Amino acid sequence: MVLEGREMDGIGNTMQKKAAELERLAEVLVTGEQLRLRLHEAKVIKDRRHHLRTYPNCFVAKELIDWLIEHKEASDRDTAIKIVQKLLDQSIIHHVCDEHRDFKDMKLFYRFRKDDGTFPLDNEAKVFMRGQRIYEKLMNTENNLLQTREEEGKSFERTLVASEFIDWLLQEGEMPTREEAEQLGRRLLEHGIIQHVTNKNHFVDGPLLYQFRMNFRRRRRLMELLHERGRSIPESHDSPFCLRKQSSDGGNTSFLSVSPTKEIKVSVGVRRSSMSSSCGSIGYCSSGYYSSSPTLSSSPPVLCNPKSVLKRQVSPEELQRPGGPFIKKTFTIIGDAVGWGFVVRGSKPCHIQAVDPGGPAAAAGMKVCQFVVAVNGLNVLCHDYRTVSNLILTGPRTIVMEVMEEV
């Protein structure tokens with residue numbers, strides 16, 4: 001079914017408005033779930049006793065505020081309280097006895113509803129969670145469903161053909177019939193989880209192309225909950241190679257680029273946000289980075305163009321030449337809540353442009369000027385930094401990087 005003219009415009013506008021509302025809810029759900037997992041890992045959530053009673057899987061409000069400030073998720077206690085109140089308002093967390101509707105910076109016990117089975121599964125939440133599970137399943141299994149394809153003379157990355165997607169849903173036992181699988185696709189689109197690549201069609205069982213609007217694996221900053229931000233569609237795939245804020249005082253985020261000679265250069269860097277650019281769908285241009293305020297304000301991003309750290313570009317053939325001046329190194333890097341702590345740039349091959357001295361990549365031994373050979377076993381010598389970025393964004397938290405370094 002293809003709709004045109006005013007009929008499609010009316011349906012599109014209504015769908016866009018509804019999708020935007022559901023998308024805001026989805027962002028809160030994803031952010032809350034990421035926080036819950038981090039707090040479990042940090043042992044902030046645990047069984048606690050009070051007045052001879054044990055409260056399982058809970059956290060102390062005051063301790064959570066301390067943790068948020070310590071981990072730079074909030075600049076002060078008032079801001080931290082506002083962030084957690086957002087989670088309470090959306091029924092992500094609650095007081096263990098449901099006696100406090102306002103989050104208080106006191107020694108009170110709160111709990112994530114997902115930890116005690118009281119999370120309200122309304123229709124919107126059910127569709128969202130179904131979409132998230134399907135997204136993760138697609139990313140974690142070997143298939144050729146997500147590919148770069150063309151429509152109307154334009155190239156779109158990571159697209160699904162509707163009929164192939166339905167075939168996959170049936171094969172995986174997600175839906176029993178094609179009709180029900182098509183209905184699921186329509187619900188996913190209406191809830192802002194997928195969209196037609198040119199936003200002209202609803203979901204139908206046929207050759208049309210669709211993309212996921214949301215990157216469920218993007219690590220959200222909690223400060224994003226306090227800011228209403230419009231987003232372009234599809235969601236910009238922000239660089240996973242974002243570097244930590246060195247100071248909370250300045251108006252810009254900065255990172256340190258550490259060269260092999262130990263010289264320290266301060267450059268303006270990327271912070272993860274959902275800002276989009278006019279240069280593409282991944283949030284930055286091929287020759288520059290976007291800097292944004294640490295508070296993720298709605299002011300437009302500032303484009304900067306740091307000079308490449310390379311003295312000269314080399315070819316894949318030169319890197320792999322037997323007896324050449326390059327040696328191969330392999331790093332296993334476990335990303336944290338902020339990212340992996342490095343920036344890639346260039347193409348065929350791309351190289352390490354900057355490394356955060358306090359980040360996971362630096363701890364693993366990564367340095368600037370190294371050339372990226374492979375990511376999680378996939379050779380990327382003939383790809384640009386956009387491809388490498390997508391590989392890491394859509395992959396696991398732990399990445400294995402092979403690089404070539406000049407002796």
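Trainee: What makes R111 part of a strand?
Mentor: R111 is in strand β4, residues 109–112. Strands are DSSP runs of E, at least two residues long, and helices are runs of H or I, at least four long; both are numbered from the N terminus. This is a predicted model, in which local features need pLDDT of at least 70 and side-chain atom pairs count only at pLDDT 80 or more, while totals for chains, interfaces and linings use all residues. Residues are numbered from 1 along each chain as its sequence is written, and side-chain values use heavy atoms, with hydrogens and water left out.

Trainee: Why is R111 called buried?
Mentor: Buried means under 20% relative accessible area, exposed means over 50%, and partly exposed lies in between (1.4 Å probe, protein chains only). R111 has 8% relative accessibility, so R111 counts as buried.

Trainee: Which residues does R111 touch, leaving out those up to four places away in sequence?
Mentor: Among them are Y55, P56, N57, F59, H94 and D116. A contact means heavy atoms within 4.5 Å. Take Y55: R111 and Y55 are 56 residues apart in sequence, and their C-alpha atoms are 9.1 Å apart.

Trainee: What makes the pair of R111 and P56 a polar contact?
Mentor: A polar contact is a pair of N or O atoms within 3.5 Å; within protein, one must be able to donate a hydrogen and the other to accept it, and residues adjacent in sequence count only if both atoms are side-chain atoms. Here a polar atom of the R111 side chain lies 2.8 Å from the backbone oxygen of P56.

Trainee: How many cavities are there of 30 Å³ or more?
Mentor: The count is 6. On a 1 Å grid over the protein atoms alone, a cavity is a set of points where a 1.4 Å probe fits but cannot get out; lining residues have an atom within 4 Å of a point. The largest cavity has a volume of about 170 Å³. Grid points are joined across faces, edges and corners, and the volume is the space filled by probe spheres set on the points.

Trainee: Which residues line the largest cavity?
Mentor: The lining includes L29, E33, R36, I92, F112, F128 and Q132. The largest share, 5 residues, comes from α1.

Trainee: What kinds of residue make up that lining?
Mentor: There are 7 nonpolar, 2 polar and 3 charged. Ala, Val, Leu, Ile, Met, Phe, Trp, Tyr, Cys and Pro count as nonpolar; Asp, Glu, Lys and Arg as charged; the others, Gly among them, as polar.

Trainee: How do you know where the largest cavity lies relative to domain 1 and domain 2?
Mentor: Look at the lining. Domain 1 (15–112) and domain 2 (123–216) both give residues to it, so the largest cavity lies between them. The domain bounds come from an automatic or database domain assignment.

Trainee: Are T159 and I333 buried or exposed?
Mentor: T159 has a relative accessible area of 0%, so T159 is buried. I333 is also at 0%, and so I333 is buried. T159 sits in strand β6, residues 154–161. I333 sits in strand β13, residues 326–334.

Trainee: What does I333 touch, beyond four places in sequence?
Mentor: W340, F342, P360 and M401 are among its contacts.

Trainee: What is the phi of H51, and of S91?
Mentor: H51 has a positive phi of about 55 degrees, although H51 is not a glycine. S91, not a glycine either, has a positive phi of about 65 degrees.

Trainee: Which kind of peptide bond joins K348 and P349, cis or trans?
Mentor: It is cis, with omega about -5 degrees. P349 is in the loop between β14 (342–346) and β15 (350–355).

Trainee: How many helices and strands does the chain have?
Mentor: The chain has 10 helices and 18 strands. Of its 407 residues, 49% are buried.

Key
1 Å grid on protein atoms, 1.4 Å probe; cavity = no way out; pocket = protein on both sides within 12 Å on 5 of 7 lines; lining within 4 Å.
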